[in-house]
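Please open the structure in your viewer and keep the sequence beside it. The tour below goes from stop to stop, saying what to select and what is there.

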Amino acid sequence: MDLEPGFHHTHPKVSWKQSWATVLTLAYQSLGVVYGDLSTSPLYVFKSTFAEDIQHSETNEEIFGALSFIFWTLTLVPLLKYVFIVLKADDNGEGGTFALYSLLCRHARVGSLPNCQLADEELSSYKQEIPNLALTSFGSRLKSTLEKYSVLQRFLLVLALVGACMVIGDGVLTPALSVFSAVSGVELAMAKEHHKYVEVPVACIILIALFALQHYGTHRVGHLFAPVIILWLFTISSIGLYNIIHWNPHIYKALSPVHMYKFLKKTQSGGWKSLGGILLCITGSEAMFADLGHFSQLSIQIAFTSFVYPSLILAYMGQAAYLSKHHVIENDYQIGFYISVPEHLRVPVLVIAILAAVVGSQAIITGTFSIIKQCTSLGCFPRVKIVHTNSKFHGQIYIPEINWILMTLCLAVTVGFRDTKRMGNASGLAVITVMLVTTCLMSLIIVLCWHQSVFLAIGFVVFFGMIEALYFSASLIKFLEGAWVPIALSLIFMIVMYVWHYGTLKKYEFDVQNKVSVDWLLGLGPTLGIVRVRGIGLVHTELVSGIPAIFSHFVTNLPAFHQVLIFLCVKSVPVPHVSHEERFLVGRIGPPEYRVYRCIVRYGYRDVHKDDVEFEKDLVCSIAEFIRKQKDGSTPEGNRLDGKTANDDEVMTVVGSPSTHVEGVQISMDGGGHEVQEIQASTTNKVKKRVRFVVPESPEMDDGTRAELRDLMEAREAGVAYILGHSYVKAKKGSSIIKKIAINFGYELLRRNSRPSTDTLTVPHASTLEVGMVYHV
């Protein structure tokens with residue numbers, strides 16, 4: 001899950017007062033984004049706990065025991081586990097399930113992406129080495145075991161995908177539960193037989209409006225999120241404090257762990273089942289870690305420990321204090337939040353609760369968009385349209401297809417269940433599963449990334465794993481009472497993800513096995529009569545080396561290609577962000593006179609793929625800068641990265657793009673005076689647009705380099721043609737039934753209904769040439 005506030009996590013170093021002001025500002029902003037879900041849990045925790053499994057008796061042992069469980073669960077899981085331990089396991093400032101998986105991929109080489117290169121390990125954000133610490137003997141054995149057995153690597157991938165699928169399921173369930181619980185306050189103002197006819201329609205109207213407004217983005221109203229949550233937390237803590245003083249000042253005694261033992265001893269299996277309701281008090285805790293990249297570790301810690309945690313504790317204590325003196329509830333009203341609110345405050349509190357529920361729902365919806373974007377980057381989800389709703393902050397995204405799917409499922413849950421009990425059962429299982437996944441991955445992080453003792457990792461997974469396993473079992477036992485929903489949703493998304501990943505992997509393996517060398521291709525020139533036409537041919541491929549089979553298929557049927565040929569690969573690497581200075585990896589295929597180049601554009605799993613007209617300009621200038629830096633086929637020291645493969649003798653070079661590397665080659669359209677060298681095209685033909693390369697002073701530039709730059713410029717003037725592959729994947733003859741179903745039906749269905757791989761690029765329709773080919777995998 002990734003919740004977007006639209007703030008970057010890096011801040012320049014400033015004075016002590018300014019830095020603290022920045023931290024406190026981020027802490028304030030985090031309240032409206034990180035804690036929206038967690039802060040609305042008092043709306044439904046007690047009601048879900050006392051739904052049917054246990055009853056509220058005169059002795060108050062059930063109330064005191066439930067309060068003790070809530071207090072210690074809030075203290076041990078969000079406070080101890082997340083705030084003080086898990087937040088430290090960041091991936092270059094980023095958090096969440098995929099951040100943990102990314103760290104493991106890099107430290108143990110267990111990544112699922114097949115197109116990784118040695119050059120990727122030179123990225124500045126690739127490693128976080130701990131100085132003066134080496135892997136323990138157990139850590140070394142664990143690392144070698146993970147790298148040796150592909151089964152374990154697939155298990156880690158499936159574990160990360162399970163966490164992602166449960167986050168998506170939570171994106172369906174949390175808005176329904178939060179909004180329905182907030183709206184349920186109307187049942188105190190209406191007759192019992194009437195309020196149910198109002199709650200569901202009102203909740204559905206609010207949910208439809210919430211999803212319908214997603215495409216506008218949250219930047220217009222995002223500044224209101226923090227004040228709404230602050231007002232909500234202040235309201236429930238003030239009411240809680242009032243109830244404590246007015247009804248039961250000694251309620252603090254119920255915080256003793258002894259009451260947990262008495263609770264379970266008296267209620268037996270009913271008390272164990274009711275833990276599924278108590279579990280809801282920590283729903284949204286994962287957001288503290290998932291949203292780390294947009295804020296900072298210290299700001300999230302300050303916001304939770306100083307305001308959110310005490311406010312929630314006061315709210316729960318206040319509800320328990322009220323209920324301890326009210327054993328008979330009128331009209332058979334189940335124990336809920338609004339019953340403890342003073343009657344004259346119920347209407348304004350209802351309005352604030354609905355606003356807080358909308359804010360919390362907004363956060364989880366946007367988090368679902370971000371987790372799906374990350375899955376897409378790792379090749380584990382069909383490509384979808386990603387709309388950036390804010391030009392300033394790229395964290396704010398909107399995915400139309402997913403938005404309407406979430407809305408449909410959310411409305412189906414609301415109309416189908418129509419009560420918080422079954423919604424709570426479903427939401428609880430999704431929440432605790434994500435936490436269990438985090439605990440398992442963290443145990444590996446402690447050994448492989450932090451280089452700590454295996455006993456520390458075992459202690460972590462046993463202590464927190466036992467707590468979460470207890471809640472997990474209590475949620476799972478209610479499978480038929482709503483808990484089947486997140487399991488069903490996760491199973492569907494898991495099948496989609498795994499089929500897509502499997503098909504993508506097989507397709508890439510086919511490309512690797514059927515790629516050809518450029519020498520073979522150009523060697524066919526005399527027999528095929530291959531000619532070079534004016535312009536740049538931009539061949540989009542998934543390969544990082546060699547010539548793709550789809551291009552050789554094209555050339556053998558149409559023996560001509562452009563005077564400058566660029567094989568473009570846009571790929572994701574297992575880091576959250578790739579800096580602009582390291583984005584382009586450029587190399588030459590064959591001798592310089594071939595005029596054939598390879599450009600690999602690298603993105604992190606949370607980076608925004610450039611989608612504007614500047615991409616083509618940056619691409620051409622990056623190749624021009626690569627040519628300028630070459631001298632007799634060599635690369636200046638410090639810029640050279642060995643990206644060689646077994647089949648290609650290519651040396652890749654990191655080149656800055658014009659937008660970030662202003663000292664490099666620039667493109668000047670139609671003149672303009674410059675105090676630097678200009679290389680102009682030698683052609684006298686009239687062209688639609690004139691392109692000039694503005695090159696920094698470089699006395700060492702030889703005639704061959706100038707000629708190569710001139711050819712590139714002439715090709716740029718003639719225009720760029722995009723050659724795209726349109727592949728149809730079929731299972732080989734003799735494949736198993738499962739493989740045929742997965743490839744011929746599952747993957748093909750997903751491929752036909754997904755966005756093309758070049759959707760992130762601005763590809764002019766008039767300059768596009770698609771080449772069809774059948775892949776037998």
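A contact, as the word is used on this tour, means heavy atoms within 4.5 Å. The model is a predicted one, in which local features need pLDDT of at least 70 and side-chain atom pairs count only at pLDDT 80 or more, while totals for chains, interfaces and linings use all residues. Residues are numbered from 1 along each chain as its sequence is written, and side-chain values use heavy atoms, with hydrogens and water left out.

**The whole chain**

Begin with everything selected and coloured by pLDDT, the predictor's confidence in each residue on a scale from 0 to 100. The mean for the protein is 80, and 80% of its residues reach 70 or more. Now select residues 632-648, where the pLDDT is below 50, although this stretch has 31 contacts in the model beyond near neighbours in sequence. Residues 683-687 also stay under 50, and for them the model has 4 contacts beyond four places in sequence. Where pLDDT is low, the predicted coordinates should not be read in detail.

Switch to a cartoon view, in which the secondary structure comes to 23 helices and 13 strands; these are DSSP runs numbered from the N terminus, with helices (H or I) of at least four residues and strands (E) of at least two. Of the 777 residues, 58% count as buried, a word that stands for under 20% relative accessible area, with exposed for over 50% and partly exposed for what lies in between (1.4 Å probe, protein chains only). Among contacts with a separation of 6 or more, 83% are between residues 24 or more positions apart.

**Lysine 373**

Next, select lysine 373 in helix 13, which covers residues 346-377. Is this lysine buried or exposed? Lysine 373 is buried, because its relative accessible area is 9%. Leaving aside residues up to four places away in sequence, lysine 373 touches Ile386, Ile397, Tyr605, Arg606 and Asp607.

**Proline 257**

Move to proline 257, in the loop between helix 9 (225-247) and helix 10 (258-278). With 42% relative accessibility, proline 257 counts as partly exposed. Beyond residues up to four places away in sequence, proline 257 touches Ser68 and Trp72.

Within helix 10, pick out glutamine 268, which has a positive phi of about 55° although it is not a glycine. Glutamine 268 is exposed, with a relative accessible area of 52%. Then go to histidine 451, in the loop between helix 15 (420-448) and helix 16 (454-476). Histidine 451 also is not a glycine, and its positive phi is about 60°; at 12% relative accessibility, this histidine counts as buried.

**Cysteines**

Select cysteine 165, which is buried with a relative accessible area of 0%. The structure holds 0 disulfides, a disulfide being a pair of cysteine sulfur atoms within 2.5 Å.

**Aromatic rings**

Finally, select Phe551, Phe554, Phe561 and Phe567, which ring pairs link into a cluster. Rings of Phe, Tyr and Trp (its six-membered ring) pair if their centres lie within 6.5 Å, and a search of the whole structure finds 17 aromatic pairs.

Definitions and conventions. Rings of Phe, Tyr and Trp (its six-membered ring) pair if their centres lie within 6.5 Å; planes under 30 degrees apart count as stacked, over 60 as edge-to-face and the rest as tilted.
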